[in-house]
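Open the model in your viewer and keep the selection tool at hand. The stops below say what to select and what is there.

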Amino acid sequence: NVKLLGLAIMLAWAATAMAHDTIPALERKETTRMQEVVVNTDAVARTRRQPYNVIGIDTKGKATGAKSLSDVLGKAPGVRVRETGGTGSDIQVLLDGFSGRHVKVFVDGVPQEGVGGAFTLNNIPAGYADRVEVYRGVVPVGFGADALGGVINIVTNKSHRTWWADASYSFGSFNTHRSNLNAGQRLENGLSWEVFAFQNYSDNNYTINAPVEDFETGSIEKKKLYSVERFNDTYHNEAATFKVGVVGKSWADRLMLGIGLSQRYKEVQTGVRQEIVYGQKHRRSHSLMPSLEYGKRNLLFNGLDLSASLNYNRNVSTNIDTASCKYNWFGETKKLNGRGEQSLQHLQSNNENWNLAANINYSPGISHRHLFTLNYLFSAFRRSNTSLLLPQVVEDPIDKLTHKNIVGLSYRLTPSERWNITAFGKYYNVFVQGPVATTSNADEFVSNARAMDAVGYGAAGTYFILPQLQVKLSYEKACRMPTIEEMFGDEDLEQGEFGLRPERSHNVNLNVGYNGKLGRHGLFADAGLVLRDTRDYIQRNIIDLSGGKSAATYINYGKVLTKGYNVTLRYTWDKLLSIGGNFTDMRVLDNMKTAIGSSVPNLGYGGKMPNLPSMFADFDVTLYWHGLGGKDNLLTFTYDGQYVQEFSYYSARIGSNKGDYIVPDQLSHNISLVYSLKSGRYNIALECRNVTDERLYDNFSLQKPGRAFYAKFRVKLGK
């Protein structure tokens with residue numbers, strides 16, 4: 001039924017399409033092509049005027065293809081999306097040298113921490129967003145974020161359309177099926193409703209190259225690789241959000257009450273290293289997410305704007321590891337002395353997350369030269385665990401919880417269209433409470449609590465040397481509080497460290513950008529320099545457990561220095577050709593002269609931090625044929641590629657055998673063909689990823705899918 005859901009949606013809306021005309025609701029009149037996507041000129045202008053190092057990516061050009069939001073993000077300068085496998089796999093966004101929880105994700109300014117795995121970036125289709133904003137480095141106070149690396153803000157379409165319906169279905173290699181439906185209506189009396197639903201399914205049974213354990217000898221020859229098929233990696237998720245409310249009222253520009261539902265099932269094929277194989281281990285979860293959002297411009301008087309949101313998420317996740325045998329990559333089994341492939345568990349975690357965010361902007365007078373912004377964010381998280389191994393359930397006596405408060409205040413001065421400057425300050429406070437082991441075997445615990453706070457500040461400015469030439473400079477003393485996953489783990493393969501300290505960093509960004517057009521020729525160029533001095537850097541490490549098993553844990557490493565640059569170039573010719581790409585060289589260096597906790601010289605001093613690619617690039621060429629088969633038809637052909645320079649996934653301290661721990665150079669290629677009819681009402685897309693079937697890796701040499709083919713059908717209606 002899950003696999004047929006997308007096809008049913010498409011058939012229903014295709015029938016509806018025959019009876020309706022579409023009138024595109026365009027808020028802007030002109031578009032330019034940048035970053036292989038259509039970028040709205042007004043949105044680009046607003047983004048460019050900001051003093052922060054930020055880019056805006058319009059997703060409309062990607063919604064027709066078989067892309068997720070993570071695929072769109074991977075084309076942004078300085079961004080590398082890292083996945084541990086195929087559909088539904090764990091994902092990290094590497095942004096100017098920082099990754100994972102250093103980078104925060106928002107939807108319409110609402111933080112997405114604790115929303116559950118069904119709503120990760122590689123699950124959400126590109127059509128969900130109107131555009132994506134990527135803030136690299138210094139983050140505006142309006143987000144209320146404790147982020148060192150930056151912020152990704154997914155902006156949904158809130159234009160005043162009368163009604164709309166957008167449905168798609170795609171299928172492809174590894175028995176992969178994806179579908180989504182986005183529909184809504186705005187009545188003349190202001191009543192409005194919106195629905196967005198999507199699903200993903202895949203067997204993920206792609207072929208990899210891996211060492212195989214010999215059960216007779218118990219040994220693994222790590223250099224002897226076999227071509228094997230993944231057999232315990234099925235994934236599916238289903239999610240839907242529904243909102244109803246009013247828009248365009250004198251007392252509310254937008255007041256919406258929402259409810260979200262999602263569920264996820266994921267089989268776990270490997271541990272943190274690829275030679276570790278599981279045959280029955282799996283996870284499942286479901287979430288309930290009510291929400292309330294309010295926005296009003298000129299609330300009490302002209303110039304005072306308020307936006308606020310309240311979200312609650314209850315997520316119940318279950319980790320199941322009860323097998324009585326172990327597996328190798330051939331699918332062979334060997335009986336275990338006990339039960340559990342990693343560790344015996346049938347554990348249910350009840351996670352509750354509250355988020356309250358409020359943002360006030362005040363711009364006095366009619367010139368809007370002065371803008372004051374006050375932001376407040378409160379979030380509360382609680383996790384309780386229940387073991388279901390025995391007929392009688394056993395609850396953990398100590399819950400794990402955090403409370404976070406962030407307050408930000410900024411002032412922006414805009415004397416003219418040519419330049420503006422912003423100064424800001426932030427206050428962070430976190431309270432955390434949970435179990436701490438009192439024995440070396442971690443079999444006895446006591447409840448412990450502590451509070452952390454910090455102050456941050458910074459400034460950012462921009463100046464247009466010419467209308468097409470701009471320079472930006474920003475600085476921030478930033479802080480990031482450790483998350484509950486880093487302090488308490490994920491109740492499975494991740495172990496936490498309760499005593500983690502906040503990360504603190506001095507961040508400097510310098511950018512020069514050019515965006516010009518001469519006749520039918522367009523040129524966009526951008527170059528940025530990054531410098532970050534980070535203290536108490538939180539590092540994820542792999543540790544070995546008994547029985548040849550492994551897990552991940554976290555430590556405050558100490559001092560880390562990030563320095564590097566990225567360059568973007570794009571050339572367009574009329575509406576017929578777009579060619580360009582991004583290049584990043586961002587080195588995250590070990591800045592500890594002595595080893596942690598001693599006076600012994602640190603052998604890794606000055607070397608690259610492990611498991612972080614430092615040099616990578618992407619490029620693309622897109623050709624457009626207008627009027628093919630009809631006046632309003634368009635055929636688009638795109639070739640794109642990605643390159644990642646080799647990097648070590650262990651410390652540079654490793655000696656003569658360090659070649660065993662290198663992720664090699666990677667160069668992959670993709671091609672896609674999209675045919676749009678009747679101004680985009682009907683769309684057909686064909687795509688081949690990893691055309692040359694390269695071996696692609698990310699975290700700790702976990703291999704990603706090889707060559708894959710996909711097709712997508714989309715119907716878009718509205719006015």
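## Stop 1: R339 and its surroundings

Select R339 and, leaving aside its neighbours within four places in sequence, show its contacts: T322, A323, S324 and L344. Bear in mind throughout that the model is predicted. R339 sits in the loop between β22 (333-335) and β23 (345-362). Next, pick the C-alpha atoms of R339 and S324: they are 4.4 Å apart in space, while the two residues are 15 residues apart in sequence. Is R339 buried, partly exposed or exposed? Its relative accessibility is 48%, so R339 counts as partly exposed.

## Stop 2: an open sheet

Now select the strands β3, β8, β9, β6 and β7. In that order, these 5 strands form an open sheet, and their pairing is mixed. Which strands are at the edges? They are β3 (54-58) and β7 (110-111), each of which pairs on one side only.

Within this sheet, colour β8 (residues 131-136) and β9 (residues 150-155). The two run antiparallel and are joined by 6 bridges.

## Stop 3: N122

Move to the loop between β7 and β8 and select N122 there. With a relative accessibility of 3%, N122 counts as buried, because buried means under 20% relative accessible area. Its side chain takes part in a polar contact of 3.1 Å with the side chain of E83. The side chain of N122 also reaches the backbone oxygen of S89, at 2.9 Å. Apart from neighbours within four places in sequence, the residues in contact with N122 are S68, S70, E83, G88, S89, I91 and R178.

## Stop 4: salt bridges

How many salt bridges does a search of the whole structure find? The search finds 29.

Begin with K281 and D321. They form a salt bridge in which the closest N and O atoms are 3.8 Å apart. K281 belongs to the loop between β18 (254-267) and β19 (282-296), and D321 to strand β20 (residues 304-321), so this pair ties together parts that are 40 residues apart in sequence. Both K281 and D321 are buried.

Go on to R382 and D399, a salt bridge with its closest N and O atoms 3.1 Å apart. R382 is in strand β24 (residues 370-387), whereas D399 is in the loop between β25 (394-395) and β26 (400-416), so the parts tied together are 17 residues apart in sequence. R382 is partly exposed, its relative accessible area being 36%. D399, at 23% relative accessibility, is partly exposed too.

Then select R480 and E486, whose side chains meet in a salt bridge at 2.9 Å, N to O. R480 has 0% relative accessibility and counts as buried. E486 also counts as buried, at 3%.

Finally, select R186, E194, K243, R254 and E293 together. Salt bridges link these residues in a network.

## Stop 5

Colour β28 and β29, which form a hairpin with 2 residues between them. Strand β28 (residues 445-466) and strand β29 (residues 469-480) run antiparallel, with 9 bridges joining them. For one of these bridges, select L466 and its partner in β29, L469.

## Stop 6: cysteines

C479 is buried, at 1% relative accessibility, and C325 is buried with a relative accessible area of 15%. A disulfide is a covalent bond between the sulfur atoms of two cysteines. How many disulfides are counted in this model? The count comes to 0.

Terms used: Residues numbered from 1 in each chain as written. Predicted model: local features only at pLDDT ≥ 70, side-chain atom pairs only at ≥ 80, totals over all residues. Heavy atoms only, no water. Salt bridge = Lys/Arg side-chain N within 4 Å of Asp/Glu carboxyl O. Helix = DSSP H or I, 4+ residues; strand = E, 2+ residues; numbered from the N terminus. Buried < 20%, exposed > 50% of the residue type's maximum accessible area, 1.4 Å probe, protein only. Pairing = 2+ DSSP bridges. Polar contact = N/O pair within 3.5 Å; in protein donor to acceptor, adjacent residues only side chain to side chain. Contact = heavy atoms within 4.5 Å. Disulfide = S-S within 2.5 Å.
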